[in-house]
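The stops below go one at a time.

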Amino acid sequence: MNNKKVFCEALTEGNTEKLLKIPKSDLHNHSVKGCRRKWLEERLNLSFPEPPEKFDGLEGMQKWFSSSIKPYCTGKDGIILRWEGAFAEAKRNNIVRLCMNFGPDEIELVGGMDSFTDLITGFHKQYCPGTRFEPELTYISACDIDHETGMMDKYVSSGFFRSIDVCGGENIKPFEAFLPLYRKAERYHLIKKMHVGESGSAEDVRRAADILGLNEVHHGIHARQSVEVMRFLADNGVILNVCPSSNVMLGYAEDYKDHPIKVLYENGVKVTINTDDLLIFDSSVENEYLTLYNAGTLSAEELNEIRINGLKGKYE
Ligand SMILES: [Zn+2]
């Protein structure tokens, strides 16, 4: 039986076991929060509190994470354990294309680029050697851009990283301020991404894509506010890596039924479905598809088309 048929059947049956076996992608995954809560609980032999149904924005989410989970898996060992869990999840969920992001601070915490690369390559080989793994270097929007641009070579010159991203709060600086970072990334032929249009507007998404030459946008859901911006994204093949549970739990989307992914999809924007911070939102990839199907957001066939888009990526 082909994957499309099994995937659609699994959605209509609500069959999680079947969904787990289907090849999927996760392209918006903050590695240090990329493991499953249950996996971490088993490894640490403790149980974490359930996340609230809604967080008080990004800040509320960070606060909850810092007090409820981080104290039990902190420092170098804690980060390494969470990375291991992220690869274990890729194996469990048959994630055959995985894009995970890592920050310079995390790389330094484990002893710099060489030890970092060994560690991550080791987990990749151990858990999901058949998965196409695309590491992403991410900077927080509040970073010192000149300093980070100067330091970028030591992280990207080995060719380990495939893409660059900026996360951690929008509209902290004008988009132009990030140009040195993205110009340097371009010289290393990195795919250019940014977190934008999660809290920010459709116009923010268009401007960021235009000014920084973004190939992909993490979130970008508020592009749905503007037909012109959606046309711009569709015409330019800019992919939006959408994370429905993250949006609903942080209050950036009202609910699953009316999640912006529906309008974006219907307007020809290329979208993918991803986890963002699995350890916090506790909804793994197969559950994201199932939740959207059960809410009536998109049909099984539409969700399958999105699944296939995630497997292919822009450059195939
Ligand atoms: Zn994110």
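How are helix 1 and helix 17 oriented to each other? They are oblique, a class for angles that are not under 35 degrees (roughly parallel), over 145 (roughly antiparallel) or 65 to 115 (roughly perpendicular).

Before going on, note that this is a predicted model: local features need pLDDT of at least 70, side-chain atom pairs count only at pLDDT 80 or more, and totals for chains, interfaces and linings use all residues. Residues are numbered from 1 along each chain as its sequence is written. Helices (H or I, at least four residues) and strands (E, at least two) are DSSP runs, numbered from the N terminus.

**Stop 1: helix 1 and helix 17**

Select residues 3-13 and 300-312. The two axes come within 9 Å and cross at roughly 130°. Axes are lines fitted to C-alpha atoms, for helices over the stretch in contact, and angles run from 0 to 180 degrees between N-to-C directions. Now show Lys4, Phe7, Cys8, Leu11 and Thr12 of helix 1, which meet Ala300, Glu301, Leu303, Asn304 and Arg307 of helix 17. Contact here means C-beta atoms, placed from the backbone, within 7 Å. By class, the contact residues are five nonpolar, two polar and three charged.

**Stop 2: helix 3 and helix 5**

Move to residues 37-44, helix 3, which packs with helix 5 at an angle of about 130°, the axes 10 Å apart. Helix 3 is therefore oblique to helix 5. Select Trp39, Leu40 and Arg43 on helix 3, then Leu81, Arg82, Gly85, Ala88 and Glu89 on helix 5; these make the contact.

**Stop 3: Asn94**

Go to the loop between helix 5 (75-92) and strand 2 (95-102), where Asn94 sits. Its phi is near 50°, positive in a residue other than glycine. Most residues other than glycine have a negative phi. Asn94 is partly exposed, with 17 other C-beta atoms within 10 Å; 20 or more would be buried, 12 or fewer exposed, and partly exposed lies in between.

**Stop 4: helix 10**

Select residues 179-187. Leu181, Tyr182 and Ala185 are buried here. They cover an arc of only 90° around the axis, which puts them on the same side of helix 10. The arc is taken from the directions from the helix axis to the C-beta atoms. Among the partners of the buried residues are strand 3 (132-140) and helix 11 (202-212). Just after the helix, His189 has a positive phi of about 55°.

**Stop 5: Asp282**

Finish in the loop between helix 15 (278-281) and helix 16 (285-294), at Asp282. Phi of Asp282 is near 60°.

Terms used: Contact = placed C-beta atoms within 7 Å. Nonpolar A, V, L, I, M, F, W, Y, C, P; charged D, E, K, R; others polar.
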